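Hello,

Here is the structure I promised to pass on to you. Please open it beside this email and follow along as you read.

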Amino acid sequence: MAMRTKTATAAAALALSCVLLSGSAFAFNDIKSDPGYKQIMDLKNRGVVQGIGNNLFQPGASVDGATALTLIVRGMGLNIDSFNFFKEPKASDYYTKVKDDASYAMTFIIAQLNGLDVPRDIDPTQKITREQFSHWLFQAISTKGDYAYTEQYMMYDDADETTPAYSDSIQKLLITGIASLGADQNFRPQAAITRSEAAVMLDGAIEFVEKTPLPEAGEPQASVLSDVSLTSAAYSSDITKVTLSATVPHPGYGFEVSRIDFKDGDAIIHYRALAPDPDKMYAQVITEVKAYAYIPSGYEPVLGSEETDANSTVSSPPGDGASGSTGFPIYE
């Protein structure tokens, strides 16, 4: 019979208290001029951090793997309370360099079982880069629900230094404001993250989860299309050319007519956005896009609704041999 390891929770609490939570319960003497002062103190007041002793936080010190995961697991409230085990999980089940008796062993187990992409051969004592921390932090946010993010690409000058597998996580943190760029518009993905930088990101992630509502079940995602409009003009004596216009966040997006419903003398023209190429980068410039349809001149063009591929079909006017989503098979 499956046995829930009640000792796991207690062990996790002990592990999480060892790396970051030792030391003074009072204010830190070395963060008053640090840019992350507010966030560090918020984490302290939440009971996430208490420094390293002697009333110090050491905001400029680098963060190793054990500390990074302890911050994220504790700050984001990750746990394995809902898991059932046939045997007590051990760090060595998942990692080659995390000792089972290490104070942070349960932290690594919790991270693994919550889907954080922690390498099997991670060295807990090695410094963690800003991109690694960002990736784990975004994955921790994702355990809280399927949040909606605006469709845009945040440009930064050293994006070519980012590991491709971490790029989307960094983009999401930049879009939400959890992470930010330096004055030089660099993210410094390969730089070792400091305790202050990690605290700032973590505090932002906690506030994001607390303040951002999750989409209702079945609720449509926000559209990337805005200011959709329709105009028409005679193409010939028998055909009307209809032009749909919209604005999108950047030039990577496309726009097309998805279908046309002919009903009671109206040609109801529906449309959809086309996703950008995920392997390309686009300048964050609002762009106008257009799509075209051709309908019999006896029909009045009417702007329909935005659709997805799942509900897009081809419709033809009664008695006409229209082809495709553009009405008549006309090519310019």
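Below are some notes on a helix, a loop residue and a sheet.

This is a predicted model, in which local features need pLDDT of at least 70 and side-chain atom pairs count only at pLDDT 80 or more, while totals for chains, interfaces and linings use all residues. Residues are numbered from 1 along each chain as its sequence is written, and side-chain values use heavy atoms, with hydrogens and water left out.

Let's start with helix α4, residues 105-113. Helices here are DSSP runs of H or I with at least four residues, strands are runs of E with at least two, and both are numbered from the N terminus. In α4, 7 of the 9 residues are buried (under 20% relative accessible area, with a 1.4 Å probe and protein chains only). The buried ones are Ala105, Met106, Thr107, Phe108, Ile109, Ile110 and Ala111. After α4 comes glycine 115, which has a positive phi near 90°.

Next, look at threonine 129, in the loop between α4 and α5 (130-142). Threonine 129 counts as buried because its relative accessibility is 15%. Leaving aside residues up to four places away in sequence, threonine 129 touches Pro189, Gln190, Ala191, Ala192 and Ile193 (contact means heavy atoms within 4.5 Å).

Finally, find the open sheet of 3 strands, ordered β1-β2-β5 with antiparallel pairing (two strands pair if DSSP finds at least two bridges between them). Its edge strands, β1 (226-234) and β5 (287-296), each pair on one side only. β1 and β2 (residues 239-248) are joined by 7 bridges; serine 229 has serine 245 in β2 as its bridge partner.

Happy exploring!

Notes:
Buried < 20%, exposed > 50% of the residue type's maximum accessible area, 1.4 Å probe, protein only.
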